[in-house]
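Subject: Handover of a structure and notes on its contents

Dear colleague,

Please find below the structure that I am handing over to you. I would be grateful if you kept it open while reading the notes.

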Amino acid sequence: MTFMDRKTGKLLTGIEELRASILEIVITPIGSVPLNRPFGSGVFQMIDAPQNRELALKAKILDAVDRLEPRVKVYRVMTQYGGRSGEIKMAIYFTDLLTGLKDVVEVDVGNRP
């Protein structure tokens with residue numbers, strides 16, 4: 001899959017393309033892509049869940065990226081809570097398996113109640 005920069009429309013390559021791929025996987029609800037129903041993650045289904053959401057969100061992210069992006073290995077997922085707005089952001093740290101480069105992508109996964 002080829003990715004373009006969401007702001008400039010420029011074609012992405014290398015680590016920027018991997019970052020875009022991971023972001024797309026995490027922010028796409030499973031079942032929302034008509035010709036590829038398994039694509040995406042279950043992150044948004046967990047936002048209002050009564051269990052330990054942080055752990056469940058991390059598990060959903062790890063599962064989705066592992067299934068759908070074989071070019072990377074996620075080695076850490078951290079939760080970053082946003083100030084008073086109650087935002088939940090996840091920082092996904094990964095290694096590009098081809099080059100060995102490490103990078104991070106941040107994803108806003110919703111608001112805490």
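The notes below describe the overall layout, then the core, and then the charged residues.

This is a predicted model, in which local features need pLDDT of at least 70 and side-chain atom pairs count only at pLDDT 80 or more, while totals for chains, interfaces and linings use all residues. Residues are numbered from 1 along each chain as its sequence is written, and side-chain values use heavy atoms, with hydrogens and water left out.

Overall layout

The protein contains two helices and three strands, arranged along the sequence as α-α-β-β-β. Helices (H or I, at least four residues) and strands (E, at least two) are DSSP runs, numbered from the N terminus. Of the 113 residues, 38% are buried. Here, buried means under 20% relative accessible area, exposed means over 50%, and partly exposed lies in between (1.4 Å probe, protein chains only). The protein exposes about 7,000 Å², of which carbon and sulfur atoms supply 54%; these areas come from the Shrake-Rupley method with a 1.4 Å probe, and for residues only the protein chains shown count as cover. Among contacts (heavy atoms within 4.5 Å) between residues at least 6 apart in sequence, 39% join residues at least 24 apart.

The nonpolar core

A nonpolar core is a set of buried Ala, Val, Leu, Ile, Met, Phe, Trp, Tyr and Cys residues joined through side-chain atoms within 4.5 Å. The largest one has 21 residues, and I22, V26, I61, V65, I92 and V109 touch the most other members. Two or more residues of this core come from each of helix 1, helix 2 (53-68), strand 1 (72-81), strand 2 (87-96) and strand 3 (102-111). Helix 1 gives the largest share, five residues.

Salt bridges

A salt bridge is a side-chain nitrogen of Lys or Arg within 4 Å of a carboxyl oxygen of Asp or Glu. The structure holds four of them. In one, the side chains of R71 and E17 meet at 3.6 Å, N to O. R71 lies in the loop between helix 2 and strand 1 and E17 in helix 1, so this pair ties together parts that are 54 residues apart in sequence. R71 is partly exposed, at 33% relative accessible area, whereas E17, at 13%, counts as buried.

R71 also forms a salt bridge with E69, with the closest N and O atoms 2.7 Å apart. E69 counts as buried, at 4% relative accessibility.

Another salt bridge pairs D103 with R19, whose closest N and O atoms are 2.2 Å apart. This pair links distant parts of the chain, since D103 is in strand 3 and R19 in helix 1, 84 residues apart. D103 is buried, with a relative accessible area of 18%, and R19 is partly exposed, with 28%.

D96 is found in strand 2. Leaving aside its neighbours within four places in sequence, D96 is in contact with I15, L18, R71 and L101.

Yours sincerely,
A colleague
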